[in-house]
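What follows is a short walk through a predicted model. Please keep the sequence and the coordinates at hand while reading.

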Amino acid sequence: MDIVLGLQWGDEGKGKFIDLISENYDITARFNGGSNAGHSIERNGKRITLKMIPSGIFMNRVQNVIGTGTVLDPVSFKKEILNLQLFDASLQPENNIIISRKAHFVLPTHKLLDVFMEENPDFTTIGTTKNGIAQTYSNKILRQNLRIGDMYAPDFKSRARYIIERDYKMLAAGKMTLPILEEITEEFLDAVDFLKRFRCTETEIYLNNALSEGKTILAEGSQAAMLDIDHGTYPYVTSSSTTAAGACSGLGISPKKMGEIYGIAKAYCTRVGNGAFPTELFDELGDEIRTKGNEFGSNTGRPRRTGWLDLPALKYAIMINGVTQLVLTKADVLSGLKSVAVCTHYESEDGALETVSGTLSENTRPVLKWMNGWEADFSNMKNSSELPVELTEFLSFLEAELGIPVSYLSTGPGREQMLKMK
Ligand code: GDP
Ligand code: IMO
Ligand code: MG
């Protein structure tokens with residue numbers, strides 16, 4: 001099994017890369033997160049953002065697994081499937097999406113509680129996507145949640161109604177303006193009926209049998225290393241395991257079966273939501289990168305914060321994931337800048353320098369190295385020999401610092417805009 005992971009704060013371009021390489025695999029499999037993900041894919045000049053549907057969906061022969069480590073909101077999933085069919089009427093998602101019976105349901109009250117906590121000053125504001133992700137994972141850990149396989153039980157509807165009503169009453173006591181209970185419950189149950197069109201099974205067994213038969217799997221990470229519940233910039237993180245180890249536990253596949261680990265990173269950094277971001281740009285340059293890179297959340301539309309590439313954080317992400325191949329995206333966005341910066345170290349209060357770190361705070365001071373910028377027309381570039389010399393030097397510098405090669409360079413949002421480097 002190979003794995004694709006984000007190495008920064010998400011939105012590195014995972015979806016585009018997976019859409020491209022999934023043709024080499026029999027199965028793609030999401031192992032973490034839920035509809036908080038937004039993986040944008042461009043096909044035939046049209047663009048779609050996938051939230052829960054794995055990014056191999058456009059390959060008819062590829063099976064797309066929604067694994068055990070994920071949380072599934074049936075209401076959002078139903079909308080996504082209908083939207084997918086509008087995008088490409090030739091697709092038959094019922095035939096090539098398989099859902100884990102052990103994945104967890106996001107209930108409507110989880111989403112309302114997410115909104116409540118985000119908007120109530122008594123709680124830390126994370127800047128979540130308001131998809132009820134933390135509330136679902138916390139109910140999973142509390143062992144109070146409903147799983148996909150439960151929907152086949154004869155008493156499922158009454159259990160779901162009971163839990164939704166119980167939590168709704170709690171929210172109502174918090175003086176929150178709420179939608180009508182009966183409406184959200186019916187919408188949920190209707191979407192659960194829709195979900196039954198899909199094959200729901202023990203995906204661990206399905207995936208391990210597939211490997212035994214010599215089939216190939218590409219695990220699809222959502223979010224990214226610096227948003228990992230354990231290793232990210234807590235508490236400003238998501239609530240799942242976003243790492244290579246998370247792929248093993250989220251899919252029920254042994255670490256012995258791991259192959260290539262593709263880490264995706266932008267040539268700069270972005271972040272949506274709150275939390276430390278040492279290299280953040282607050283000036284016009286930051287705005288320029290946001291505009292040129294179209295850095296607006298593919299899921300929520302929020303403007304993404306922008307900043308320079310952060311090597312201490314990237315080294316940490318490469319280390320905890322054991323990345324074997326680096327995929328660098330969006331260097332084209334920096335085209336035209338006279339010079340570009342890279343953070344090589346963090347400097348602490350007492351002047352000590354850190355070259356690898358996952359501990360970032362508001363006080364982390366980045367030490368920047370300035371390099372020559374590049375300028376080129378990336379739109380139709382087909383070969384790495386066409387790259388401007390300044391970008392080649394930038395890539396060599398990164399490879400020397402990070403200790404791994406840049407295997408692919410993405411040169412634009414289009415499917416074909418990808419250079420194989422090594
Ligand atoms: P994901 O969450 O990691 O799949 O990334 P998103 O889809 O949320 O955000 C990445 C955005 O950058 C999308 O709009 C992509 O179409 C776009 N993109 C991906 N790679 C490149 C690239 O190399 N250059 C440019 N200009 N855009 C890219
Ligand atoms: P993809 O897969 C970027 C961020 C949110 C917030 C924090 C917690 O497209 O890279 P959550 O809704 O998960 O409880 O929010 O995590 N976040 C993402 N940022 N890309 C994502 O996914 C994200 N998923 C969650 O903005 O800061
Ligand atoms: Mg995204």
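Lys330 sits in the loop that links strand S14 (325–329) to strand S15 (339–347). Its phi is positive, about 65 degrees, although Lys330 is not a glycine. Gln223, another residue other than glycine, also has a positive phi, near 55 degrees. Most residues other than glycine have a negative phi, and most peptide bonds are trans.

Gln223 belongs to the loop between S10 and H9. With a relative accessibility of 8%, Gln223 counts as buried, because the limit for that class is under 20%. Pro235 is found in the loop between strand S10 (217–220) and helix H9 (244–251). The peptide bond that joins Tyr234 to Pro235 is cis, with omega at about 5 degrees.

The next site is a metal ion. The magnesium ion (ligand 3) has Asp11 (OD) and Gly38 (O) as its protein donors, at 2.0 to 2.2 Å. Asp11 lies in the loop between strand S1 (2–6) and helix H1 (14–21), and Gly38 in the loop between strand S2 (27–30) and strand S3 (39–43), so the pair ties together parts that are 27 residues apart in sequence. Gly38 is buried, its relative accessible area being 11%.

The last topic is a helix pair. The axes of helix H2 (residues 74–87) and helix H7 (residues 181–195) come within 8 Å and cross at roughly 55 degrees, and H2 and H7 are therefore oblique to each other. The crossing of H2 past H7 is left-handed. Residues in contact include Phe77 and Ile81 in H2, and Phe188 and Val192 in H7. By class, this contact of H2 with H7 has 10 nonpolar, no polar and three charged residues.

Methods:
Residues numbered from 1 in each chain as written. Chains lettered and ligands numbered in written order. Predicted model: local features only at pLDDT ≥ 70, side-chain atom pairs only at ≥ 80, totals over all residues. Heavy atoms only, no water. Axes fitted to C-alpha atoms, helices over the stretch in contact; angles between N-to-C directions. Helix = DSSP H or I, 4+ residues; strand = E, 2+ residues; numbered from the N terminus. Parallel < 35°, antiparallel > 145°, perpendicular 65-115°, else oblique. Left-handed = near helix turned anticlockwise from the far one by under 90°. Contact = heavy atoms within 4.5 Å. Nonpolar A, V, L, I, M, F, W, Y, C, P; charged D, E, K, R; others polar. Donors = N, O, S within 2.8 Å, 3.2 Å for Na, K, Ca; no water. Buried < 20%, exposed > 50% of the residue type's maximum accessible area, 1.4 Å probe, protein only.
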